[in-house]
Amino acid sequence: MAMKIGILTGGGDCPGLNPVIRAVVRKGISEGYEIVGIKNGWKGLIENDTIVLDINNTSGILHKGGTILGTSRTNPYKKEGDLQKLKDNYKKLNLDALIAVGGEDTLGAAAKIIKEGITNVVGVPKTIDNDLSSTDCTFGFDTALNTAMECIDKLHTTAESHHRIMVVEVMGRHAGWIALESGLAGGADVILIPELPIDIDEVCVFLRKRHNRGKMFSIVVVAEGAQFKEGSMVTQEEKLDAFGHVRLGGIGGSLAEEIEKRTGYETRVTVLGHIQRGGTPSAFDRILGTRFGVKAVELVKNKTYGRMAALSGLKIIDVPIEEAVRVLKTVDMELYNTAKVFFG
Ligand code: F6P
């Protein structure tokens with residue numbers, strides 16, 4: 001009987017998930033495996049909601065954003081009884097291995113589940129936030145970064161014509177990778193990230209400096225998780241999701257208000273939100289997702305479980321899932337200092 005591999009995609013959707021699914025199916029089938037798609041992340045394993053994946057139902061998806069399997073932020077450790085249901089269904093489905101595609105939450109749950117006895121788990125790192133450790137990059141980040149950069153390019157037009165300060169709020173809960181790199185690529189005049197408290201006086205100094213040399217507009221990029229020196233993260237609502245996260249959003253508005261009040265310069269805010277998670281994956285993300293998918297099947301084939309596919313330089317390697325989720329990968333301060341050369 002063919003060995004059965006289950007695959008699930010959990011957490012926030014992101015461009016590049018479908019290339020992973022396609023690659024797992026193509027490589028898996030060529031190795032003689034049966035591939036079971038688990039719908040909506042861990043929720044699908046708790047509810048036994050699956051679909052058999054084959055070459056036909058996974059063709060034509062390489063260029064599509066999102067995930068054909070659906071996703072959720074369901075945490076199998078949140079509700080009593082869910083973990084048992086998950087274990088029972090894993091058995092019922094006769095799965096020999098599981099490929100979990102996700103970020104810190106999904107892979108964090110995977111690391112725990114391994115300890116509960118479902119040992120044959122392999123991880124694939126996904127998140128537009130790029131904050132997973134042990135990999136140089138997660139797929140989804142490059143597309144999000146390019147989308148944010150294009151938006152910054154467009155906002156430049158209005159900033160310049162109307163002589164305004166444009167604050168652009170991008171995603172990035174604990175790590176400011178999108179803000180930093182889209183700001184660098186888009187020529188932002190100030191970039192604010194969760195790793196460094198916002199010094200509003202310093203921000204205004206940079207903006208005045210530009211005005212004083214005749215540049216009557218500026219672009220300020222701020223990550224949603226950034227916070228004022230004496231403040232906390234600005235949230236849309238205090239309600240926590242299953243993994244204990246609040247819904248972020250709003251720091252851009254508070255920042256714009258503060259800038260206008262202090263400088264007198266007309267200031268507007270644009271919140272990019274889920275625009276950054278949507279759309280077709282970039283070439284980089286399609287290729288990275290594909291390579292990760294192939295690697296994940298190779299890990300299963302070699303019974304190298306508890307490992308996550310990862311990018312190291314130009315090579316695909318594997319690392320312990322546990323290591324990858326232990327600490328978040330925050331921004332490289334050397335890169336931030338490079339961006340800082342262009343502030344003001
Ligand atoms: O984890 C990626 C991410 O895009 C974060 O940057 C953001 O805070 C969060 O997801 C938003 O999640 P949701 O789609 O559940 O609002």
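Predicted model: local features only at pLDDT ≥ 70, side-chain atom pairs only at ≥ 80, totals over all residues.
Q: How many helices and strands does the protein have?
A: The count runs over the whole protein, and helices and strands are both present. The totals are eleven helices and 13 strands.

Q: What is the radius of gyration of the protein, and what does the globule rule give for 344 residues?
A: The globule rule gives 20 Å for 344 residues, and the value for the protein is close to that, so the protein is as compact as a globular protein of that length. Along the principal axes, the C-alpha atoms fill a box of roughly 75 × 40 × 30 Å. The radius of gyration is 21 Å, against 20 Å from the rule.

Q: What percentage of the residues of the protein count as buried?
A: A residue is buried when its relative accessible area is under 20%. The accessible surface of the protein comes to about 14,600 Å², and carbon and sulfur atoms hold 50% of that surface. Of the 344 residues, the buried part is 53%.

Q: How far apart are the end C-alpha atoms of helix H5?
A: Helix H5 covers residues 141-162, which is 22 residues. At 1.5 Å a residue the helix should span 32 Å, and the distance in the model agrees with this. The end C-alpha atoms are 31 Å apart.

Q: Which elements are included in what covers the buried residues of H5?
A: The buried residues of H5 include Phe141, Leu145, Cys151, Ile152 and Leu155. Their cover includes both strands and helices. Among the covering elements are strands S6 (165-170), S8 (218-223) and S11 (267-271), and helices H6 (177-186) and H9 (283-301).

Q: Is Ala144 buried or exposed?
A: Ala144 lies in helix H5. Leaving aside residues up to four places away in sequence, Ala144 touches Ile128, Ile178 and Gln276. Its relative accessible area is 0%. Because buried means under 20%, Ala144 is buried.

Q: Which residue follows H5 with a positive phi?
A: The phi of this residue is near 55 degrees. Thr158 touches this residue too. The residue is His163.

Definitions and conventions: Residues numbered from 1 in each chain as written. Heavy atoms only, no water. Helix = DSSP H or I, 4+ residues; strand = E, 2+ residues; numbered from the N terminus. Expected span 1.5 Å × (residues − 1). Buried < 20%, exposed > 50% of the residue type's maximum accessible area, 1.4 Å probe, protein only. Contact = heavy atoms within 4.5 Å. Rg over C-alpha atoms; globule rule 2.2 N^0.38 Å. Areas by Shrake-Rupley, 256 points an atom, 1.4 Å probe, with all protein chains shown as cover.
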